[in-house]
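Have it open while you read.

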Amino acid sequence: MSSTFDATADATTMGSARPALDDLMARVGVDGLVAALQSAGLLAAVDQHAAAVREALIVRSGGVDASGLASYARSILAAADRVGRPVPAQTGELDWSRAGWHVLRLVAVCAVADDAGCL
């Protein structure tokens, strides 16, 4: 995988998880959340993804924290690369109405991280 997030994310410690989440927010979160606030349908999709992210982290580790979110995001990035759909380096030109599942899931990770005070 060639993402900056991958190169900097070591989800084993809180100290490295927060910068990784900050990088993810800069990469997809800001643009995705702004787009979601402008489209009720996109906001609903991000909210559904966020609920699934929270549920997965609660089942796996009993709660939501920065290291769990960073680890989860790394798995999404890796899966996207494996299927040949890497996350774009810049999302400014992305048609958010056609954003793929993995991009929406990463935006949701950013929303959950923000809600949980992990950024």
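1. The side chains of Asp95 and Arg98 pair up in a salt bridge, 3.7 Å from N to O (the term means a side-chain nitrogen of Lys or Arg within 4 Å of a carboxyl oxygen of Asp or Glu). Asp95 is partly exposed at 39% relative accessibility, while Arg98 is exposed at 68%. Cut-offs here: buried is under 20% relative accessible area, exposed over 50%, partly exposed in between, with a 1.4 Å probe and protein chains only.

2. A caveat on the source: this is a predicted model, with local features needing pLDDT of at least 70 and side-chain atom pairs counting only at pLDDT 80 or more, whereas totals for chains, interfaces and linings use all residues. Numbering runs from 1 along each chain as its sequence is written, and side-chain values use heavy atoms, leaving out hydrogens and water.

3. Searching the whole structure gives two salt bridges. Asp115 also forms one, with Arg54, at 3.2 Å between the closest N and O atoms. That pair links distant parts of the chain, 61 residues apart: Asp115 sits in helix α5 (residues 101-115) and Arg54 in helix α3 (residues 40-61). Helices are DSSP runs of H or I, at least four residues, numbered from the N terminus. Asp115 is exposed at 57%; Arg54 is partly exposed at 30%.

4. Now α3 itself. Its buried residues are Leu42, Ala45, Val46, His49, Ala50, Val53 and Leu57.

Definitions and conventions. Helix = DSSP H or I, 4+ residues; strand = E, 2+ residues; numbered from the N terminus.
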